[in-house]
Amino acid sequence: MTEATADLVIRNGRVHTSEGWSIVNICVKGEKIVGLVDEANTPPAKRTIDAGGLDVLPGLWHVHCHFREPGHTYKEDFTSGTTAAAAGGITFCIDMTNNDPHPTTLETFELKREKIAAKALVDYALYGGGLYPKTVEALAKAGAIGIKIFNTRHVKEVYPYISELGVVDHGILHELYEAIADTGLLCAVHHDDSEWCKRLTFRDYINPGKTTNRDYMEAYERGYMYGHGMAAGLAASIYYAQLTKVRLHVLHMGVMPPAANELVRNAKSQGLDISCEMEAATLFMTREQAEKVGPGAYAWAYAPEAHWEAVRNGTADMLVGEHAPHTLEEISPGWLDNFSVPLGITGAQEFIPLVLNAVNDGKLGLNDVARLCAEAPAKRFGQFPKKGRIQVGADADFTIVDMQKKQTFTVGDMHTKAGYTAWEGIGTKGMPVFTIVRGVTVMDHGKIVGVPGHGQFHPGIAAA
């Protein structure tokens, strides 16, 4: 018998890049792709996956995860969160900063790194928290993938917007932009005009006693909760970014009114170094579903066509399915007072099936998925060509999908600790069937076969 020269060969699959697809065999040695070859030139392998009839995508990313560790692990932890991600076809996650303690100093960033080091099933990166301009350089050198700024405070100071993390002083915001620009890292911002939002929401909703979940959804649709305040914050931010030359990354693009898309499109046309995330909930969640899950989802698709156009015309650079879980006990009072409970949504496990369903509906192509959910984020966050594309020399990260496979989201199938899914009862067509991280299968046809600790930390471009 010929001695194996590859550790893994993925045979017969339709292999996708951002440009298109071809049927080719992928050869893996160790953690890397070492060959893209035809059958005649395929070496013997220790392990083979026959992907005939399946589509092989570069390992897909989820760049907006709140895995709640440290400090709030009763909601989620790094093992449960990355397990959900692996089940949903995700090979790389970026985790946010609203933790306790928040990773805004070298000490607290390194504490977080240490606590989660042995817990991830998939690869990951960490934002450093933007709060103190003087700590930005140390966070960058410690490996932060970017600096996340909460330019917001919740109208009633409700978690997850930890009040002390809110940067609403524009002088400090400007100094943060200067410090981040010096590192070359992305500056990711949750924008807002908190006082505008607070005053009008109290005036028209909270003070008159209009606080139910339906009232909240109306306030959201009118641009009170999130919405116009976020667009105003974005407008100021774009100006500060022009002054400081910071690389700006806009969070929650789909939550803002469509006019915000034009702000971004114009900024790009003027040469500003700016990128944006478009949220799956603002593309896929119907009003009917939002009313069904109530406080289990803070956003829904009230202007989906405008946001799809932003995806199509390149205003949005990447897709996300934000994962921001809380417990049922925390959110359930929101049926009566949605302004006084934590706001979140689940998405780590549901995101890619929702996107694949959109492919089957003709809204995207699989080449778009490869671009929006792998190549573009890998490039923007400085991990390309190691990540983000199926090519020789890259990490052997793959999301293999069956575009004919149907399923329905139910809480019993979820790996999150939250105890619910914002997408309960939604059926999709197109499912990940293998999640492979650096040559190791962590999910096989819905079964988690990976182990905590396999996922590796990937530092940002300014790491020492």
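**Helix packing and its surroundings**

Reply: Helix α13 (residues 351–360) and helix α14 (residues 366–380) pack with their axes 9 Å apart and at an angle of about 145°, where axes are lines fitted to C-alpha atoms, for helices over the stretch in contact, and angles run from 0 to 180 degrees between N-to-C directions. Helices (H or I, at least four residues) and strands (E, at least two) are DSSP runs, numbered from the N terminus. This is a predicted model, in which local features need pLDDT of at least 70 and side-chain atom pairs count only at pLDDT 80 or more, while totals for chains, interfaces and linings use all residues. Residues are numbered from 1 along each chain as its sequence is written, and side-chain values use heavy atoms, with hydrogens and water left out.

Me: Which residues of α14 make the contact with α13?

Reply: Contact means heavy atoms within 4.5 Å. On the α13 side the contact is made by F351, I352, V355, L356 and V359, and on the α14 side by L366, V369 and C373.

Me: Which strands does α14 lie across?

Reply: The direction of α14 is about 25° from that of β7. The strands that α14 lies across are β2 (14–16), β7 and β16.

Me: Which strands stand at the edges of the open sheet?

Reply: The open sheet has seven strands with mixed pairing, in the order β3-β2-β7-β16-β17-β18-β19, and two strands pair if DSSP finds at least two bridges between them. Each edge strand has a single partner strand, so one side of each is left without a neighbour in the sheet, and these strands are β3 (21–23) and β19 (447–448).

Me: Which residue of β16 is the bridge partner of P58?

Reply: Strand β7 (residues 55–58) pairs with strand β16 (residues 398–408) in the antiparallel sense, over four bridges. In β16, the bridge partner of P58 is F398.

Me: Is V189 buried or exposed?

Reply: V189 is found in strand β12 (residues 186–190), and leaving aside its neighbours within four places in sequence, its contacts include I149, Y177 and L248. Buried means under 20% relative accessible area and exposed over 50%, with partly exposed in between (1.4 Å probe, protein chains only). Because its relative accessibility is 0%, V189 counts as buried.

Me: What percentage of the residues of the protein count as buried?

Reply: The secondary structure comes to 14 helices and 19 strands, and the C-alpha trace spans about 80 × 45 × 40 Å along its principal axes. Of the 464 residues, the share that count as buried is 62%.
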